[in-house]
Structures are given as structure tokens and as C-alpha cells.
Amino acid sequence: MQGNLQVRFGRRAIREKGQVTLVPRPAPYLAPASDVWKLNRLEWAAKTSMLKTLAAKHRSRVSHMARKYQATVDTPHGKRNCFEAVTERPGRKPLIARFGGIPLHRQKKAVIDDRPAVPAPARKELVTRFRKGRCEWCQQYAAMETRQVRKLADLTRPGRPQPAWAQRMARMRRKTLIVCVPCHQAIHAGTLTAVTV
Ligand SMILES: [Zn+2]
């Protein structure tokens, strides 16, 4: 099994050696199966979905997008059609986003290189943090309040430097910060000073 088959299904781009490959996620699991060719239908659905998205973004048509991005790629089973977007970069290898071009041939000896499942975050994490009764900023034990932002992206918005508490939340990847009342007030007043613990 080629390494690029480990990439996830969908439009999310995973960079690997300067190349982005988008393939149906189930491919590596079904590669040893005799009817792996059935993935063609899945590939068709994913491909159509991608082309429709591109067409919507570029205010164009699916057929135009298919023509614009069509390309061929060499595989151990010969040339295959695929879709490709290439960004040239001076002095570096071009960045290539590619969809398809993977021969759906049965590979009896395919090795499934599965990634361990990421455990779901504990749902009660916030409650647990809150119950500790300890300020996540100044580490004092006191009555706690919760500082909350709408989304994580708000914490890392480019353009202006983020206050220290926002940087902390971004590092924790949490939209909440459990803080004591004085710290919470200081956040709102914009006077929260950095603490070193
Ligand atoms: Zn505090």
C-alpha cells in the first residue's frame, strides 16, 4: 500500500513531502478486499462533491472545473487521470493538491497502518476544572467564574497582538478559562497582568 493512502477522506488537505493528496479514507481498509474496485463509486461521489465545491467557489461550472484541473499521474499500474492544483513556489518544490489518480486494484498483501483512535474529550472536563476551585490564571483558590469566548479562532485572530489570557486559552485549545473574580474583572478591564507560576 502506498503511503499516500493513509490520508483522510474528504477535502481536508494533509501535507506530505510538499504534496497534498486527497483520497477516499476507506481505501486502505478495503485494499485487501477482492471488490476494492467498488470504491470507484465512492470516488465518483467524492470527486463530484469536490468539483461542485470548486465550481461554487469560483462561480463556475462543474465541467469547467473538471477541464481546468484535470491532470494525469504515473502509478505502478500506468497513468491515471486525476485532478490537480499546482502552486509554484520560487526555489522550492511546487505545492501540489491532487485528487484521485490512485488505482483501485486489489492488494492482497496490503498492510493496514491504522492510527490509534483519539479518545473523545471528557465531556465533564469543564465541570471538573470548575470544581477544582482554583484560578487557572493566578492559581488562587477562591470563588470561580468562567471566561468564555465564542470560538477558538477568536483567540488567534491575526493582526493585533492577543492578550496573555487569550494566548493561554489558545495554547490550551479551550474556549473557556476558569478564573477567580478579580482575574475575570481584570480581563474585562484589560488590565490582567502576566503571572509566572
Ligand atoms: Zn485569579
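Predicted model: local features only at pLDDT ≥ 70, side-chain atom pairs only at ≥ 80, totals over all residues.
A residue is counted as buried if 20 or more other C-beta atoms lie within 10 Å of its own C-beta atom. Strand β4 (residues 78–89) is, by contrast, hardly covered: one of its twelve residues is buried. Over the whole protein of 197 residues, 18% are buried.

## Overall organisation

The protein contains six helices and seven strands. Their order along the sequence is β-β-α-α-α-β-β-β-α-β-α-β-α. Among contacts with a separation of 6 or more, 49% are between residues 24 or more positions apart.

## Packing of helices α2 and α3

Two packed helices are described by the angle between their axes and the distance between the axes. For helix α2 (residues 39–57) and helix α3 (residues 62–69), the angle is about 105° and the axes are 8 Å apart. Angles of 65 to 115 degrees count as roughly perpendicular, and α2 and α3 are therefore roughly perpendicular to each other.

On the α2 side, the contact is made by Leu51, Lys52, Leu54 and Ala55, and on the α3 side by Val62, Met65 and Ala66. Six of the residues in this contact are nonpolar and one is charged, while none is polar.

Strand β3 (residues 70–75) runs antiparallel to β4, and six bridges join the two. Within this pairing, valine 73 has arginine 80 of β4 as its bridge partner. The two strands form a hairpin, with two residues between them.

The pairing of β4 with strand β5 (residues 92–100) is also antiparallel and extends over seven bridges. Here valine 86 stands opposite isoleucine 96 of β5. The hairpin of β4 and β5 likewise has two residues between its strands, and glycine 91 in this hairpin takes a positive phi near 80°.

One of the pairs places glutamate 145 opposite valine 179 of β7.

Key. Residues numbered from 1 in each chain as written. Helix = DSSP H or I, 4+ residues; strand = E, 2+ residues; numbered from the N terminus. Contact = placed C-beta atoms within 7 Å. Axes fitted to C-alpha atoms, helices over the stretch in contact; angles between N-to-C directions. Parallel < 35°, antiparallel > 145°, perpendicular 65-115°, else oblique. Nonpolar A, V, L, I, M, F, W, Y, C, P; charged D, E, K, R; others polar. Pairing = 2+ DSSP bridges.
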